[in-house]
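Hi there,

Here is the structure I promised to pass on to you. Have a look at it first, and then read on for what turned up in it.

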Amino acid sequence: MTNTRIPAARAARSSAAPAQDAPRPSARDRGSRLLATLFLAPTIVGIVVFTVVPIVGSVVLSLFHWNVIDSPRYAGLSNYGEVFGDETVLVSFRNTLVFMVLAVALQLLVALALALTLNGRMPVWLRSVFRSAFFFPLVLSAASISVVMKYLFNQDFGVINWLLGFVGIAPVPWLTSQNAAMATVVLVYVWQQFGFSFLLFVGGLNNIPKEIHEAAALDGATGLRKHLTVTLPLLSPTLLVASVVGIINALQVFEQPYVLTNGGPGDSTRTVVMVIYERAFEQLRFGEASAVGVLLFVLIMAVTALQFRLSRRFVHYQ
Amino acid sequence: MSRVSPLSQATLSLSRARHGLAPWARIAGLAVCALLTLGPVVWTVSTSLRTPAEAFDLPPRLIPSNPSTEAYRGVFDQIDVWLLALNSTLVTGLVAVGQMITAGLAGYAFARLEFRFKKPLFGLVLATMMVPLQVTIVPVFLVLKSMSLTDTLLGLIIPAFPTAFGTFLMRQYFLGMPKDLGEAAMLDGAGPWRTFRSVYAPLAAPGLAIVGVLAFNYHWNEFFRPLILETSGQNYTLPLGLVSLQGNLGTGSISVVLAGVVLSMIPAVAVFVVGQRPLREGITSVGVNR
């Protein structure tokens with residue numbers, strides 16, 4: 001009896017062992033799933049409440065007339081009709097597109113030129129001094145900087161017109177003439193933002209193997225030609241990223257025109273986000289503001305999609 | 001290779017001599033650009049040290065003839081700088097810490113835990129990275145209003161806790177850590193929580209630093225949301241207070257306004273100096289990830 005008991009016990013134990021092992025991974029899986037739920041909850045709930053619901057909410061709100069005080073009235077597509085017939089809204093879209101083209105082009109050009117120049121031979125400490133200088137404006141507040149720039153660009157006592165006086169240029173009405181105001185907003189924006197594209201380009205250039213430059217030099221490619229035929233194609237993925245992010249940011253410009261010109265003179269620097277702000281929070285026309293928001297969203301998505309499509313032809317991945 | 005390199009060096013220097021810019025010209029050009037970039041900041045600091053009466057004087061001297069802190073006293077007289085700084089610190093600090101927590105946890109879950117709907121949930125996070133806040137601000141305002149969070153600091157803080165970008169960044173960060181570490185801990189009998197807590201979390205500090213520094217930089221300088229949400233002066237943050245100070249004073253006390261700007265810059269500059277590396281990595285990864 002005792003003889004048979006032991007193997008039986010052994011058998012029982014050995015059969016229990018895998019049985020004990022089997023639920024352990026599943027207990028672990030359950031633990032893992034529970035942990036995942038806890039870990040994800042703040043982010044997912046937050047994103048749903050503060051991004052997903054508002055996106056749907058924007059579309060829904062754009063179909064209603066609502067001033068927050070009275071109850072909302074269904075308006076069909078009439079908000080969109082009003083918005084499309086509204087001179088200020090149309091001008092703001094035109095301004096934003098003009099701003100985007102000028103600001104992104106200038107930003108990329110300045111950043112690329114500086115990154116390529118910095119890539120040449122120079123002492124390491126000097127390079128890091130320059131790099132820090134060029135991205136320093138990024139850490140400052142766009143609103144405060146615009147306050148500063150408003151003084152610098154002042155027509156009568158601003159330092160910029162004073163400096164231009166030395167080369168015989170008459171005082172420019174930077175902030176008070178329709179044409180100059182947009183240029184000023186672009187300049188102030190680019191001054192603060194070019195460091196972003198610059199850092200991207202510096203990173204992109206560092207990723208290009210040195211041998212490629214040497215090979216190009218051996219083949220006789222030099223200076224500007226080397227950059228055009230060798231560096232730029234290799235940098236094209238970075239260029240795509242810099243322009244996509246640059247465009248998305250530029251389409252949302254607000255602080256600079258709000259502080260520098262408050263959209264003026266006239267409507268010459270009024271941007272789409274300024275119109276959203278004014279319609280909703282100054283005039284309490286929430287439906288119209290939402291309609292403008294939805295249109296801006298569609299515009300951003302369309303421009304981004306177009307850019308990725310175009311890029312398939314021009315971007316070379318290594 | 002040993003043959004090619006000196007040759008190519010020679011070719012390079014030859015080509016430089018013929019076509020490229022001379023090194024001194026390059027450096028001089030960069031120096032001019034750096035001067036243009038930093039000029040407005042230097043002007044701000046030096047003008048803030050003039051007396052309000054001399055602020056408009058041209059030429060703008062780099063070092064004021066008789067430096068004065070009158071403008072700084074002026075700021076403290078005219079706006080409650082301490083209150084603004086306290087509000088800004090509370091919002092920025094809590095958002096930065098909150099984002100490090102939410103992004104660290106969610107990033108870890110996406111990188112190292114197994115659960116259902118992982119792909120679609122991650123897709124959701126990625127998709128919302130592209131949605132600009134400015135577009136959804138009207139409904140966000142209404143959501144906060146329904147929670148009675150408008151015109152409170154919490155209304156600025158809570159919606160900023162979830163961060164799609166930070167989550168993505170931390171996921172990449174955890175994915176970059178060797179998987180063996182966790183497996184070894186599991187073999188030693190550590191459960192999922194212990195594995196996270198004692199193996200992976202301690203290694204995450206540099207990644208979290210990037211999330212924290214980016215959050216600080218963004219929210220310290222933030223203007224759009226405070227402008228919309230905070231209506232009473234006691235809830236203003238620094239940028240909001242400064243813009244309204246400038247508006248109230250018109251063009252009268254330029255050095256007072258600039259003194260305020262300088263004060264508000266100090267923490268941002270400190271982070272720039274101390275956290276330049278994570279800041280640069282963070283900014284660059286904004287691009288790499290898209």
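For chain A, the unreviewed UniProt entry lists "transmembrane region" at residues 34-64, 97-118, 130-153, 180-202, 234-254 and 289-308. UniProt positions follow the numbering used here, feature names are shortened, and annotations may be inferred rather than shown by experiment.

Before going further, please keep in mind that this is a predicted model, in which local features need pLDDT of at least 70, side-chain atom pairs count only at pLDDT 80 or more, and totals for chains, interfaces and linings use all residues. Residues are numbered from 1 along each chain as its sequence is written, while chains are lettered from A and ligands numbered from 1 in the order in which they are written.

Back to some of those spans. In chain A, residues 180-202 are 100% helix and 0% strand, with end C-alpha atoms 32 Å apart. Residues 234-254 of chain A are 86% helix and 0% strand, and there the end C-alpha atoms lie 34 Å apart. In chain B, residues 81-109 are 100% helix and 0% strand, with 41 Å between the end C-alpha atoms. Residues 254-275 of chain B are 95% helix and 0% strand, and their end C-alpha atoms are 31 Å apart. Helices (H or I, at least four residues) and strands (E, at least two) are DSSP runs, numbered from the N terminus.

Chain A has 13 helices and 2 strands, and chain B has 15 helices and 0 strands. Of the 318 residues in chain A, 41% are buried; of the 290 residues in chain B, 42% are buried. A residue is buried if 20 or more other C-beta atoms lie within 10 Å of its own, exposed if 12 or fewer, and partly exposed in between, with C-beta atoms placed from the backbone. Taking contacts (C-beta atoms, placed from the backbone, within 7 Å) between residues at least 6 apart in sequence, 71% in chain A join residues at least 24 apart. The corresponding value in chain B is 73%.

How do the two chains meet? The contact takes 81 residues from chain A and 77 residues from chain B. On the side of chain A that touches chain B, helix α2 (residues 23-61) gives the most, with 23 residues. That side of chain A has 57 nonpolar, 18 polar and 6 charged residues. Here Ala, Val, Leu, Ile, Met, Phe, Trp, Tyr, Cys and Pro count as nonpolar, Asp, Glu, Lys and Arg as charged, and the others, Gly among them, as polar.

Leaving aside residues up to four places away in sequence, I276(A) touches A289(A), V292(A), G293(A), Q134(B) and I137(B).

The domain assignment, which is automatic or from a database, gives chain A domain 1 (2-61) and domain 2 (82-314). The centres of these two domains of chain A, taken over C-alpha atoms, are 48 Å apart. Chain B is assigned domain 1 (22-68) and domain 2 (80-289), with 33 Å between their centres, taken over C-alpha atoms. The contact between them takes 8 residues from domain 1 of chain B and 8 residues from domain 2 of chain B.

Finally, a few spots in the loops:

- P265(A) lies in the loop between α11 (255-260) and α12 (272-282) of chain A, and the peptide bond from G264(A) to P265(A) is cis, with omega near -5°.
- L284(A) has a positive phi of about 55° although it is not a glycine; L284(A) is partly exposed because 13 other C-beta atoms lie within 10 Å.
- F117(B), in the loop between α4 (81-112) and α5 (118-128) of chain B, has a positive phi of about 60° although it is not a glycine. F117(B) counts as exposed because it has 12 C-beta neighbours inside 10 Å.

Enjoy exploring it!

Methods
Two residues are in contact if their C-beta atoms, placed from the backbone, lie within 7 Å.
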